Structure formats: structure tokens, C-alpha cells
Amino acid sequence: MTQDRDSVTLQWKKPRYDGGSGIIGYILQQKDGKSGTWTKIKDIDKNTFNTRVKDLVPGKEYSFRIKAVNAVGESEPTEIEITNYTK
């Protein structure tokens with residue numbers, strides 16, 4: 001993960017196990033603060049393992065999670081929390 005003034009670049013790895021069906025993409029979700037609701041912010045290509053999230057507010061807390069998607073459905077999310085985002 002890398003940060004600059006108002007954005008963050010998130011990275012992840014392809015799941016080790018795909019449930020027997022190939023990954024067709026990823027879903028990135030964002031939550032503002034600790035009590036916010038998860039919101040889908042981006043669909044991501046199956047061959048992409050990083051993405052930049054823009055327009056973040058310094059001093060605000062964010063959480064992100066990524067889900068792998070295949071023909072069976074969505075995986076359990078992998079969560080990334082950014083606290084005290086101050087860049």
C-alpha cells in the first residue's frame with residue numbers, strides 16, 4: 001500500500017483457492033470510519049492486483065476490502081484498514 005496527499009494505492013494477491021471456478025474479477029468496497037457502511041467503489045479486472053483510490057480526506061479513517069468473483073459468486077472479503085490518514 002502506498003499513500004500520497006489524497007489517494008492510496010492498494011495491492012492484493014490472487015486467492016490460493018478459487019473454489020474450482022476461475023476468478024473473473026474483483027470488487028473493491030470502501031467504508032468511511034468505523035461505523036460506516038460498505039460501498040462498492042470499483043469493479044476490477046481479473047488480471048489486475050492493485051488499484052488507486054482517489055479523493056481521500058486527510059485525517060479521516062477508511063477501510064477497504066477486496067472480494068474475488070467467479071461463476072459461483074463472491075469470496076469472503078480481505079480487509080485493509082487505513083487509520084489516521086494524514087498524508
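Is K40 buried, exposed or partly exposed? K40 is partly exposed, its relative accessible area being 48%; here buried means under 20%, exposed over 50%, and partly exposed in between, with a 1.4 Å probe and protein chains only.

1. Basis of the note. This is a predicted model, in which local features need pLDDT of at least 70 and side-chain atom pairs count only at pLDDT 80 or more, while totals for chains, interfaces and linings use all residues. Residues are numbered from 1 along each chain as its sequence is written, and side-chain values use heavy atoms, with hydrogens and water left out.

2. Strands (E, at least two residues) are DSSP runs numbered from the N terminus, as are helices (H or I, at least four residues). Two strands count as paired if DSSP finds at least two bridges between them. Strand β3 covers residues 23–32 and strand β4 residues 39–45; the two run antiparallel and are joined by six bridges. Within this pairing, Q30 stands opposite T39 of β4. The two strands form a hairpin with six residues between them, and G33 in the turn has a positive phi of about 70°.

3. The three-strand sheet. A separate entry in the strand pairing is an open sheet of three strands, ordered β1-β2-β5 and paired antiparallel. β1 (2–3) and β5 are at the edges with a single partner strand each, so one side of each has no neighbour in the sheet. Strand β2 (residues 8–11) is joined to β5 by four bridges, and the two run antiparallel. T9 has R52 as its bridge partner in β5.

4. S7 and R52. S7 lies in the loop between β1 and β2. S7 counts as buried, at 2% relative accessibility. The side chains of S7 and R52 are joined by a polar contact of 3.1 Å. A polar contact is a pair of N or O atoms within 3.5 Å; within protein, one must be able to donate a hydrogen and the other to accept it, and residues adjacent in sequence count only if both atoms are side-chain atoms.

5. Salt bridges. The rule asks for a side-chain nitrogen of Lys or Arg within 4 Å of a carboxyl oxygen of Asp or Glu, and by it the count comes to three. One of them joins the side chains of D32 and K60 at 3.6 Å, N to O. This pair links distant parts of the chain, 28 residues apart: D32 belongs to strand β3, and K60 to the loop between β5 (50–53) and β6 (62–70). D32 is partly exposed at 34%, and K60 is partly exposed at 33%.

6. The other two pairs. D43 and K40 meet through their side chains in a salt bridge of 3.0 Å, N to O. D43 is exposed at 53% relative accessibility, whereas K40 is partly exposed. K67 forms a salt bridge with E74, with 3.1 Å between the closest N and O atoms. Here K67 is buried at 12%, and E74 is partly exposed at 49%.

7. I24. This residue is in strand β3 and counts as exposed, at 57% relative accessibility. Leaving out residues up to four places away in sequence, I24 touches K46, V69, N70 and A71, where contact means heavy atoms within 4.5 Å. I24 and A71 are 47 residues apart in sequence, and their C-alpha atoms are 7.4 Å apart in space.
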